[in-house]
Structures are given as structure tokens and as C-alpha cells.
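Hi,

Here is the structure I promised to pass on.

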Amino acid sequence: MTFEEKLLALRKAFRFLDHRAALMVLVLGNLDKPPTEVFRAAWRLVNVSTSRQPRNDRFGVPPKHVRHYCLRHLIKLALPQYSPTVTFDPKVLEHMRHGHSVIVSIHARTEFAMCAALDQAGLQSAIVTAFDVRPAEMQNYDFAAPPQNILRDRDVFVRALAALRSGRVVVCDADFIVDKGLPSARVCISTAIFEFARRVNATLFFGYTQISDEGDMNCIFRPAPHADSAEEDAHRFIDFAADVQSEITNLTIGDWTRPA
């Protein structure tokens, strides 16, 4: 991509962010700097922005996460060698080396950050998604061993079990939208992935990726507390999600009995 082509692409992409002129000058004037340094400088400018709600927001996703999502893809466009800084507690991940493990999370515009954390710890992963993985999002992370993509199809749990048996950690978002596009739309948590973990005797972990003030993607992993049923697991997960993300409110348990 020539400089002119890159300039036009950035002008188009930056239109959704505040301070876009300043961001353009900052990024284009520092193309010779380390990518992480450029991102952090741009994030300091973007993170204080409160004047406009980012587009393409979804239920429960904080604007901070949406701004970070937009910015890291823009920096990747200008500096292809850029990769987000992903942090985590390695002691928790050590528990995933022994036996089958399933990580349940919630959509937060953080894509493969948790898979990147597992990759950095030397653990292979598989991620369940409703649609095929977008290559641009996968390329945003510097994977040594990219996660296996399991589509949320009729054989999703058959493939997830095969992934567990091959030594991969299965990562799956439990939230889905009921009545999407209607005034009654709301976010629900499905018990399906919790029931799957129980049936295959996998160790259950709750996961969420926070965005720090410095722009790091901090992956939080917690062993799920004891519960007597998949529905109780879902309730415990809702408590966890509310604890790590203050914007989450009114999550309920819904009936996602089969892939849509």
C-alpha cells in the first residue's frame, strides 16, 4: 500500500472517532516509531473522548471497548506489524494444563484476546463463533498457533469435544440477543455451554477482557465456583460479568436450545 493509499484508507477509517485530524497527524507523523508506542499515544487521545457515542455499539459493550476496537484496527492498517498488548495472570492458566478446560465469556469487542493469552502461555485453543472468523481480526494478534474456529452449527459440541480431546482449551461466548431489532431486544445468557462443560467433565472458567487506561487488553480468568446445575453456573457467570464490567445490567438466562 502506497502512502497515498494509506492516507485515504486512514481518512475513511478515522471518521468514526473524535479528534480524527489530530489522530491522523499523530499516526502518519510517527510511522517510524515502534507500533505499540504509536498506539499508546493515540489511545491517550482517544480514551478521553466522551463527546460522541461510537457507532456499531451493541448491548452491554462499553464505549471504551468500542473505541479500542476501532483504534487497534486503524493502527494495524497504518502499521501492519502492530499487535495489541495482552496481559493475564499466568498462575490461573497453569490450571488449564491438566485436563479439559472450557472458558465462558461475553461479547466485548475484544475478539481473540483470551486466545492470545492462552497462546502466550503455550496453550492451544478453539473458539466458538456464530460466523466465520474475519482474517483481519485474527491477524490483529501475533499468534504462534492460531485458534481453531468452531462454527456455532448443529455439530458445534461434537467439534468442541474433539477440540478438548486434542488438548485445546475451548473458548465460547454465552450471550445472545433475544428479539434482535425490536424494542423488546435484550441480552440473555444461554445455559448450553455450561451444560456441555458438565457433560464432558471439563473444568469451567469464567473469562472477560478489560481495557486498561494504558490501552492494554487485560484478560481475567476465574475458576467457576461450585454449582449444582448448568442454570446455576449461568447465574454465577452473570454475577462474574457484572463484577468485571460495571456497564452490564439486567442480564437474564434465555433458552438458546439450538444454533440459530
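Let's start with a helix pair: the axes of H3 and helix H4 (residues 63-78) come within 10 Å and cross at roughly 145 degrees, and the crossing is right-handed. Axes here are lines fitted to C-alpha atoms, for helices over the stretch in contact, with angles from 0 to 180 degrees between N-to-C directions; right-handed means that the near helix is turned clockwise from the far one by less than a right angle. Helices (H or I, at least four residues) and strands (E, at least two) are DSSP runs, numbered from the N terminus.

Before going further: this is a predicted model, where local features need pLDDT of at least 70 and side-chain atom pairs count only at pLDDT 80 or more, while totals for chains, interfaces and linings use all residues. Residues are numbered from 1 along each chain as its sequence is written, and side-chain values use heavy atoms, with hydrogens and water left out.

On the H3 side, the residues in contact (heavy atoms within 4.5 Å) include Phe 39 and Trp 43, and among those they meet in H4 are Arg 67 and Leu 71. Phe 39 and Trp 43 are also among the buried residues of H3 (buried is under 20% relative accessible area, 1.4 Å probe, protein chains only). Seen down the axis of H3, the buried residues fall within an arc of 150 degrees, so they line one face of the helix (the arc is taken from the directions from the helix axis to the C-beta atoms).

Then there's the sheet: 7 strands, open, mixed pairing, in the order S1-S9-S8-S2-S5-S3-S4. Strands pair if DSSP finds at least two bridges between them. S1 (86-87) and S4 (148-151) are the edge strands with a single partner each, so one side of each has no neighbour in the sheet.

Cheers

Key
Buried means under 20% relative accessible area, exposed over 50%, partly exposed in between (1.4 Å probe, protein chains only).
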